[in-house]
Each structure stands twice: as C-alpha cells, then as structure tokens.
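Hi,

Here is the structure I promised to pass on.

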Amino acid sequence: MRIINVFANDTELSQKTKKLLKQKLEKSGFFVPQEYDLNAELIICIGGDGSFLETLHKYNFPSIPFIGVNTGHLGFFQEVYPDGLDEFIFKYKQGKYETQHLKTLKAEVTTAEGKQEFMGLNEILIKGVKSRPIHLNISIGDSFIERFSGDGILVATPAGSTAYNYSLGGSIVDPRLSLLQVTPIAPMNTTAYRSFTSSLILPPYLSIRVNPEYSEHKRKGMLIVSDGMEHFLQEAEEIIFEFSNSIIKLLRFDNSDFWTKVKSKFI
Ligand code: NAP
Ligand code: MN
C-alpha cells in the first residue's frame, strides 16, 4: 500500500484543498491516513512556509520526503498550487521530480540541569528577555572572537538565508553552498560595547560556541527561537550551534533555478 500523509493549516482554502487532494490521491491508488503514519512515502503540507516548518518540527525532522501546497502568503518552500493538484499527482506517479536535500541546524544548550537540543531548518536564534540587550561570548571553532552585545544573534542555514536572516541584513545564500551564517541582531557598537556588525560566513565543519554573560544583572533568562518557535531558557551556560545530521528532502517539479525563484518571490 502506498501511504501519503496530508496535513493542512486551519484556513478555509487549506481545509478545502486537503479534502480535494485526499479524494484525488485515493482515486489514484494512494492511501491517506487520518493520523501521521511512519510508513508513508511522502508528506504533503498545505499552507504557507510556516505550516511546512511546523509539520517538520511536530514530527521531529523525519526522513520521509516533503512537498508543499501553497495556500499561504509567500510559500518559499511550497512547490505546488491548489489548481495544480492533478498535474502534481500525474508527475509524482511517473517519478518526474527531483529531490532537493536541505541541511538542518542544531543548537545544543547546556544548563545546570543537563543538555537540551533544538533543531532548525531556517535558523536558530538567541536573544534577551524583556527587551534587554544580552552579552554573549562567541567562539568559532577553538577561537574566541568577540563579546557580542545587542539584541541577539541568529544562525541561518542556506535554506533559511532568505527568511529572518535576510530581514536583518544577512546575505542570500545559493543553496548549492554548504555554510552557516551568523547574523547579529541589532549589535551595539560604541566605546562601551564592541560587536561585529556584519554576518560571519562559516564553513560547515566549524561550530559556533556561545557563552552568555550574566554578570551585570541578575537577569539570567534568554530566548531560543528555532524556525519561529520560541522557548525560554532559564540559565544557559553554553550553546553550541552546528549542522545536524538530519537532512530534509523536498520534492521539486518545475526545475526552476534558485535565483529565478528569489526574483519572483522578492522583487
Ligand atoms: P510568518 O509570521 O508567516 O512570517 C515569516 C515570513 O517569512 C512568511 O512570509 C513566510 O512565508 C516567510 N518564510 C519562512 N521561511 C522562509 C524562507 N526559508 N525563505 C523566505 N521566506 C520564508 O512566520 P512563519 O510562517 O511561521 O515562518 C517562520 C519564519 O519566520 C522563521 O523561520 C523566521 O525566518 C521568519 N521570521 C522573520 C522575521 C522577519 O523577517 N523580521 C521575524 C520573525 C520570524 P509564508 O508567508 O509562506 O508563511
Ligand atoms: Mn507564515
């Protein structure tokens, strides 16, 4: 039996599209279960990029390939449109697609209680709480490079370079490159505080180590946000960012060049 998981966000169009897609898939010989099925050959997310990212996190970065149906706003990850369902099923059955492999990122947080791991496809960022700046000692590989002061730092993958990273003045990265980008969020640069103001571009084998400084005040909390999902950290001693071993597979049909897509979505 060929199983396909189908998920949709709550909008009317997404729900309508989900119903229609389920009918069409079942007519073509696929089975669409009610609940997430581990043995599925494909996961279809109906919505925007946010719904895709949410599904990814909910099911723990599965190795099953994804395809998105865009009923959202931007849909940078979303390949199919609601009026293209028949064409999608036809091409899928014929195997007329390519699979794009996207590297993911992890942040390992050490607290007094132990270690905790967070995953991201777009980015993982850390920032202060209560609109306060934070102070972070940052090392790359084995070298200490700066004591950062500002709102926080964001570590972006190539896939996430066009998201929050881009709004912060970070660079758009061609997905054929394997690199991590550390982008400052409102860095302070005065005689009191000195921080790099541009993104740092790093090779895939170097990790980024962050040791927060809490000396000035008793405010020990901070926020860690992965792909838009926020978590509060009470007392992080160290955070290490690096590529994770999980690879996300995305089906691509129209072979469109990355830069053509950037142009069509951004300008
Ligand atoms: P959202 O409130 O819908 O806003 C995020 C926007 O970024 C949406 O238009 C979303 O597309 C788009 N987006 C997501 N991933 C992208 C990518 N890889 N390349 C280009 N655009 C992308 O939030 P969301 O849908 O939950 O998405 C979460 C992402 O929002 C986070 O990973 C973060 O990168 C981004 N974000 C951006 C800012 C900012 O730019 N100032 C602030 C916070 C978070 P859809 O419209 O299709 O959802
Ligand atoms: Mn969204």
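**What I found**

The count comes to one cavity of 30 Å³ or more, a cavity being a set of points on a 1 Å grid over the protein atoms alone where a 1.4 Å probe fits but cannot get out. Before going further, note that this is a predicted model, in which local features need pLDDT of at least 70 and side-chain atom pairs count only at pLDDT 80 or more, while totals for chains, interfaces and linings use all residues. Residues are numbered from 1 along each chain as its sequence is written, chains are lettered from A and ligands numbered from 1 in the order in which they are written, and side-chain values use heavy atoms, with hydrogens and water left out.

**The cavity**

The largest cavity holds about 50 Å³ of space; a volume is the space filled by probe spheres set on the points, which are joined across faces, edges and corners. Its lining (residues with an atom within 4 Å of a point) includes Ile138, Phe148, Val182 and Leu200. Seven of the lining residues are nonpolar, two polar and one charged.

**The ligand**

Which residues come nearest to ligand 1? Of the 18 around it, they are Asp49, Gly75, Glu123, Thr162 and Ser167, where "around" takes a heavy atom within 4 Å. Some polar contacts (pairs of N or O atoms within 3.5 Å):

- A backbone N or O atom of Asp49 is 2.9 Å from an oxygen atom of ligand 1.
- A polar backbone atom of Leu74 is 3.0 Å from an oxygen atom of the ligand.
- A side-chain N or O atom of Thr162 sits 2.7 Å from a nitrogen atom of the ligand.

Taken alone, ligand 1 exposes 820 Å², and the protein buries 66% of that (Shrake-Rupley areas, 1.4 Å probe). Helix α2 (49-58) and helix α4 (164-167) each give two or more residues to the shell, with α2 giving the most, three. The shell also draws at least three residues from each of domain 1 (2-96) and domain 2 (105-245), whose bounds come from an automatic or database domain assignment.

**The pocket**

A pocket is an open set of points with protein on both sides within 12 Å along at least five of seven lines. Of its 19 lining residues, Gln100, Pro175, Arg252, Ser256 and Phe258 are the closest to its centre. Strand β5 (98-111) is one of the elements that supply at least two lining residues, and β5 gives the most, four. Why does the largest pocket lie between domain 1 and domain 2? Because both domains give residues to its lining.

Cheers

Methods. Nonpolar A, V, L, I, M, F, W, Y, C, P; charged D, E, K, R; others polar. Polar contact = N/O pair within 3.5 Å; in protein donor to acceptor, adjacent residues only side chain to side chain.
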